[in-house]
Amino acid sequence: MNAVTIVIGSICILMIAYRLYGTFMAAKVLKLDDSVPTPAHAMNDGKDYVPTNKWVSFGHHFAAIAAAGPLVGPILAAQFGYLPGLLWLLIGAVIGGAVHDAVVLFASMRKKGKSLSEVAKEELGPVAGFCTGLAMLFIITITMAGLSMVVLHALDRNPWGTFAVGITIPIAMGVGLFYRKTGNLKLASTIGFILLMVGVFIGPSIQGTALGDLLTLDTKTLSLILPVYAFFAAALPVWLLLAPRDYLSSFMKIGVFIALIVGVFIINPAIQFPALTEFIGGGGPVIAGPVWPFISITIACGAISGFHAFVGSGTTPKMLNRWSDIKVVGFGAMLVECVVGIMALIAATALHPADYFAINSKPEVFQTLGMNVVNLNQLSEEIGLSLEGRTGGAVTLAVGMTYIFTKIPWFANMAPYFFQFVIMFEAVFILTAIDAGTRTARYLIQDFFGEIYKPLKKVDWVPGSIFASALACVMWGYLLFSGDIGSVWALFGVSNQLMASIGLIIGATVILKVADKRRYMLTCLIPMSYLYVTVNYGGFWMVKNVYLNEAAAGYSVLNAILSIIMLTLGAVILIAAFGKWSKLLRSPRDHAELLSAS
């Protein structure tokens, strides 16, 4: 099997799915009607609710949903071979992810752009609304830990990478200040991008200096620095750090993956992994569990992700100019993210399996596998960094992309620069997600504790903001400090996919109200049923075999408690939905009711 065959075949499948299934969802199931004003028009305030060109909305939505998840999940899941990950990415994105993102966006727009917890409260009742809000707090906390875990081993004793990542903070702040003062977006973007490249290329000069020694940090130190950084970053105005870095990272994301696709077509690397490995039954060094259910938990973003519900019921529903834009922005962006996941899978499986496992396993574990590295020593020498035991996925992606790019004759001697650029590329997305996620967690904490102490509900009350931000950072910082990538990423996957199940539950309820044919709710029920069973089985498997198993590397009573709470919240929401569905299915509908529901 070669990479070009996978890329061409996958893109063709996704284009056909968008043309046929996307059109069916838009025209028949959701009945999108452009004669009805969207919330962006009906509530236009020039600040939050602003009618926006669909391609600008697409860019914003895609940048927000396609963080580090579609890069890391497929790489970790390569342990099972290239076939399980490829099939789940394609089937999951078409049947599950694109439908989920479209219906959540539609459901939020019907309720004037409200959050998913508010939509759940109105559609399913106050108990389901409360449980959805609590589940959102859990997932955002665990997501911060899961994404931060990705870069720890990439920056471990890597002063060049730490410098390249750290320099993005003052660069983004400078871009934000320059744009705010001049209003010249093109010039600000150009200067910012050039400075990012300069940061990568001057990185080697700091090695062996006092600054290099200062930036040579181990994983425990990094796991303390990241939450402290997040606490201060979340307090800064959005325009100063978050917005300019998000904007710059969008250019980097698009550019890097266009370059990777071009590189794949030029080189056409062979997929060195088998379709299935010996670890499909479990016991692998990267993921302890079997291929099912863990393929659908490890690969979330790129196939279906509950994290997208934060965006689909957050900023995006307040921006869409027309209802029909849901097809492009909701359904289409998810399919493009699937392509990103497939390219990450190709970058991982283009490596020799022994090289992949040497990177993604602790050295003492790799020695038990009976494998001998093939190209890793040469790659380590070219990059100038020891690559063994750098788990988390980020290093594997950087090595895989470097391996592909350096096969092009012009770039043969640029391995260290490509590697550190990709590390910076991944870390920028994660830092942006940390900023935005910590802010979101702060709002959720203030909302919950505000029921006990009313002043906390005021988001502009400084002491309340400091308390909520600190609590959010402590919660995910503890998970980061005490966990490992296998256990934390699985915890993230379970919570994330549970959130996706909740989104599909709410979507099915809305479709039952608005669709001409009630059987159309199967568009949500089918992926929801699979995902809900998968999540519960995977969650209880992790609790039994890892979190409460003292002999396991990921032993953590806290993770077990969090898993049980989340699964219980999901069960409560599903029970509330069954009651609502039963009521709706028993009651006859007339034409006037359908019109009012639409």
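Predicted model: local features only at pLDDT ≥ 70, side-chain atom pairs only at ≥ 80, totals over all residues.
Local features were considered at pLDDT of at least 70 and side-chain atom pairs at pLDDT 80 or more, whereas totals for chains, interfaces and linings use all residues. Residues are numbered from 1 along each chain as its sequence is written, and side-chain values use heavy atoms, with hydrogens and water left out.

A nonpolar patch on the surface is formed by Leu83, Leu87, Ile91, Ile95, Leu276, Ile280, Leu522 and Ile526, which together have about 660 Å² of accessible area. Such areas come from the Shrake-Rupley method with a 1.4 Å probe, and for residues only the protein chains shown count as cover. Patch residues have over 30% relative accessible area and no salt bridge, with nonpolar side chains (Val, Leu, Ile, Met, Phe, Trp, Tyr) joined within 5 Å and like charges within 9 Å; a salt bridge is a side-chain nitrogen of Lys or Arg within 4 Å of a carboxyl oxygen of Asp or Glu. At least two residues of the patch are supplied by each of α5 (82-110) and α24 (522-547), and the largest share, four residues, comes from α5. Helices are DSSP runs (H or I, at least four residues), numbered from the N terminus. Ile280 is placed in the loop between α13 (242-267) and α14 (291-298) and is partly exposed, with a relative accessible area of 31%, where buried means under 20%, exposed over 50%, and partly exposed in between (1.4 Å probe, protein chains only).

Helix α5 also holds Ser108, which is buried at a relative accessible area of 1%. The side chain of Ser108 reaches the backbone oxygen of Lys114 at 2.7 Å. When neighbours within four places in sequence are left aside, Ser108 is in contact (heavy atoms within 4.5 Å) with Gly113, Lys114, Val119, Gly312, Ser313 and Pro317.

Turning to the backbone, Lys112, in the loop between α5 and α6 (116-124), has a positive phi of about 65 degrees although it is not a glycine, and Lys112 counts as exposed at 53% relative accessibility. A positive phi, of about 50 degrees, is also found at Lys31, likewise not a glycine; Lys31 lies in the loop between α1 (3-29) and α2 (39-42) and is partly exposed, with a relative accessible area of 23%. The peptide bond from Trp292 to Pro293 is cis, with omega near 15 degrees, and Pro293 lies in helix α14.

Methods. Polar contact = N/O pair within 3.5 Å; in protein donor to acceptor, adjacent residues only side chain to side chain.
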